[in-house]
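The entries below follow the order in which I looked.

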Amino acid sequence: MKTLITGGRVYDRAGDVHRPPLRDVILEEDRILGVVEPGEQAASDIAQAASKGEPGARVIDATGKLVIPGLVNAHYHSYDVLSKGRFEDMPFDVWMLHSQPAYWGTRIKAELRARTLLGALEALRHGITTIQDMNSLVPQDEETLDTILSAYDEVGIRVVFSVAVRDLAALDIQPFLPAGIPADIASLINGKPGDAKADLAFIRAQIARRNPLPSRLHWAIGPSGPQRCSTELLEGLAAVSSDFDLPILTHTYETRAQLAKARTAYEKFGGSYVRYMREIGLLTHRTTLAHGVYLSRPEIEDLAKAGAGVVHNPLANLKLKNGTAPLIDFKRAGINLALGCDNCSCSDCQNLFQAMKMYALLAQGMDGEPSGVFACDAIDAATIGSARAVGLFGQVGALKPGMKADLALIDLSDLAYQPFNSAARQMVYSETGRGVDTVIVDGEVVLSGGKPTKVDWDSFRGELTEIMTKADADYAAIAKRNAAAVPYLIEAARNVNRAALGLNRYAGGGVSDPDRTVS
């Protein structure tokens, strides 16, 4: 099959990002064959063959459309998609207690499928063709894994999948918890330790079992965080990454509590997770840190030397009261910067247009001087930067011959582009995702006219309604169970905010009155 996408303006970072020229994009099966000027012979041949109804040739009219590389969501968790809109004004650890899969227990297969499909459908609707799902499997077994991966195959999105693992139960905020917590509440908050050997064996077994992979499925390595994993587990994961050349993505310096823990628990490594990761072989060019809000400048320099990067998750960082990552320092250091949407329960959407806009605006709000951060940099982070982070650099994230046929068509007649002054700036500052018309993954049209082609949306909504009846009841029980623990976690968050840690990532200088009453 050869496909001609004709008449559209094709976004190319190396070209005119404001008024991209008209170009024809030629696909052959799952690859981009060429990006050519209108009227070139190769394009004309496909158009002529399609007009005659010859098999193996089709034309997609992109007149009045902007053709962009498929966006890449470099940090996401599909396990809490059904909790979109549930939470608000919760400190990080209170949110964790209500949202994490370990607290919800085993879910039925129909729910696993539905939540995976829903998150992927929302991503496709917003032009995201690749997602990195860092998934905590509960239970951690092959049936759970296969149900999730089957749903991804059903919807047609590209997924870089990692099994999120940890074997240390202690919370990052544990040293700041007030004294005198009742034993039952302490047990609820703290969780249970894991088994490093079992986790490593499971991951290696799945890589072997599902070999060769389908073309839209890729593996990654997902330690939950360096402070949540034993050295044995981290060294084992580093070995898996090296053996199979797989990317490593891990939460690091997401919260002030994590910064405080680094200062005390890793004194041998200068109070730095980054130096600890370097010493045990976990910090390489394959490593990307999710969040990085409390990275110091020396640590940012260490990341740059290692060729490692950061996935910026501005929506989740702000909603969970964690602050703002030092974006300008990242850019000046030259580290690879990717973008993520994170959980649906803490960003409430899978929409990189929102993340791109927030990335650009936060950079402007950090300094009164010109920042050197532009709309095209935000697009870079959501495309080539994220592609590099998830181990797919040179395969996705740009429209170049030989790369995967992953792309999106945006309707330039939408109000966001009226008048049309700059494709890059209006895509970042004006687009909401509403203009996404067509999405192609691996050469297959998976969204047409804004509607999915592989899943019956109306039928799926009916399934979702049935599943939510039980999910809502379960959440009510979880919220009731957690109520007694919330005041202790809020007090712990206050204690963290009082701590003198040397870094403040909050807007407006931080909490002005940490002793104020919180209802």
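**Salt bridges, entry by entry**

I first looked up Arg-209 and Asp-146, whose side chains meet in a salt bridge at 2.7 Å, N to O (a salt bridge being a side-chain nitrogen of Lys or Arg within 4 Å of a carboxyl oxygen of Asp or Glu). This pair links distant parts of the chain, with Arg-209 in helix α7 (residues 196-209) and Asp-146 in helix α5 (residues 142-155), 63 residues apart; helices (H or I, at least four residues) and strands (E, at least two) are DSSP runs numbered from the N terminus.

I note that this is a predicted model, in which local features need pLDDT of at least 70 and side-chain atom pairs count only at pLDDT 80 or more, while totals for chains, interfaces and linings use all residues. Residues are numbered from 1 along each chain as its sequence is written, and side-chain values use heavy atoms, with hydrogens and water left out.

For accessibility, I found Arg-209 partly exposed at 34% relative accessible area and Asp-146 partly exposed at 25% (buried means under 20%, exposed over 50%, partly exposed in between, with a 1.4 Å probe and protein chains only).

I then saw that Asp-146 also forms a salt bridge with Arg-210, the closest N and O atoms being 2.8 Å apart. Arg-210 lies in the loop between α7 and β9 (217-219) and Asp-146 in helix α5, so this pair ties together parts 64 residues apart in sequence.

Finally, I recorded that Asp-30, Arg-158, Lys-404, Asp-406 and Asp-442 are linked in a network of salt bridges, and that the structure holds 33 salt bridges.
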